[in-house]
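Keep the sequence and the coordinates side by side as you read.

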Amino acid sequence: MITFVIPTHNYGRFLKKCITSIYKNNPKFVKEIIIVNDGSTDGTDLVIRKLKKKIKFKYYKKNFLSLPKTMNFAISKSRGNIICKIDADDFIENNFAIKMGNKFTELNSDFLYSNVIIRDKLSNNTFIKNQEVRSFFKLLKYPHGSGTLFKKSLWKKVDGFEEKNFYQDDYDFWLKINKLKKIKIRYCNLALYNYHKHSSNMSDNLLKKNFTKIKILIQNLLK
């Protein structure tokens, strides 16, 4: 049912936990796992090849050095109708696929998001972040892109992820789908995705992140 996409760049040390967490989910709800190793230089390839002996998944090596390009490539290779991105340094609960998959169908969704379990290694804290976005704030607030479920047909409608963006590709995708008519964007009050906050997070460059966010918002408002 769900195609799980894992883009990775120099996150080899996290991959085993990430992939295993998907593999432990109900196989009836896991259509396939696609891993794209984008220009890693940390031994990621060796880690993946060892895991491939025990776990079935599709594996591609690319040198895009671009998350949006990696995502577009992975989704283009998918056979499933529902896509879910899992960051290589994160992991999901054992009941993620069945609960989120059922909610996706029950709510007649095109795009489904939920809450996130934040595991902050820097402060040694774990807490649940409520991600519900009220319609009034939908241009400024948006859910964490990983752990969401969306139809592959929706990705096609908006021409995929914007490959010119290095940061905030999830925000751009969110703005584009909110522009579409008759698209069912749903929220469910579950917390089954574990976001691992650590010193190597790509999203931690706040200056670039916020500058790009403003640029993307302006671009979308002018279209």
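Predicted model: local features only at pLDDT ≥ 70, side-chain atom pairs only at ≥ 80, totals over all residues.

Residues are numbered from 1 along each chain as its sequence is written, and side-chain values use heavy atoms, with hydrogens and water left out.

Start inside. A nonpolar core here is a set of buried Ala, Val, Leu, Ile, Met, Phe, Trp, Tyr and Cys residues joined through side-chain atoms within 4.5 Å. Buried means under 20% relative accessible area, exposed means over 50%, and partly exposed lies in between, with a 1.4 Å probe and protein chains only. The largest such core has 36 residues. Those with the most contacts inside it are F4, I6, F57, I86, F96 and L149. Several elements each supply at least two residues of this core: β1 (2–8), α1 (12–23), β2 (30–38), α2 (44–52), β4 (82–85), α4 (96–106), β6 (111–120) and β9 (185–197). Helices (H or I, at least four residues) and strands (E, at least two) are DSSP runs, numbered from the N terminus.

Setting aside residues up to four places away in sequence, F96 touches F4, N25, C84, G101, G147, L149, L192 and Y193. Contact means heavy atoms within 4.5 Å.

On a 1 Å grid over the protein atoms alone, a cavity is a set of points where a 1.4 Å probe fits but cannot get out; a pocket is an open set with protein on both sides within 12 Å along at least five of seven lines; lining residues have an atom within 4 Å of a point. Grid points are joined across faces, edges and corners, and a volume is the space filled by probe spheres set on the points. The structure holds one cavity of 30 Å³ or more. The largest cavity has about 90 Å³ of space. Its lining consists of M71, K85, F111, P143, G145, T148, F150, F161, D170, F173 and W174. By class, that makes seven nonpolar, two polar and two charged residues. Ala, Val, Leu, Ile, Met, Phe, Trp, Tyr, Cys and Pro count as nonpolar, Asp, Glu, Lys and Arg as charged, and the others, Gly among them, as polar.

Helix α6 gives the most to this cavity lining, with three residues. The helix spans residues 169–179 and is mostly covered, with 10 of its 11 residues buried. The buried residues include Y171, D172 and L175. Leaving aside neighbours within four places in sequence, L217 is in contact with L139, L140, Y171 and L175. L217 counts as buried because its relative accessible area is 16%. L217 and D172 are 45 residues apart in sequence, yet their C-alpha atoms are 7.7 Å apart.

Now turn to an open space. The second largest pocket has a volume of about 250 Å³. I22, Y23, N25, P27, V30, K31, E32, I33, K56, F57, K58 and R79 line this pocket. Two or more lining residues come from each of α1 and β2. Strand β2 gives the most, with four residues. The lining has six nonpolar, one polar and five charged residues.

Two strands pair if DSSP finds at least two bridges between them. R119 stands opposite T126 in β7. Four residues lie between the strands, and N124 takes a positive phi near 55° in this hairpin.

Two loop residues other than glycine also have positive phi. N10 has a phi of about 60° and sits between β1 and α1. N10 counts as partly exposed because its relative accessibility is 23%. L65 has a phi near 50° and lies between β3 (58–62) and α3 (67–76). L65 is partly exposed too, with a relative accessible area of 49%.

End with H198, in the loop between β9 and α7 (206–222). H198 counts as buried because its relative accessibility is 4%. The C-alpha atoms of H198 and K164 are separated by 26 Å.
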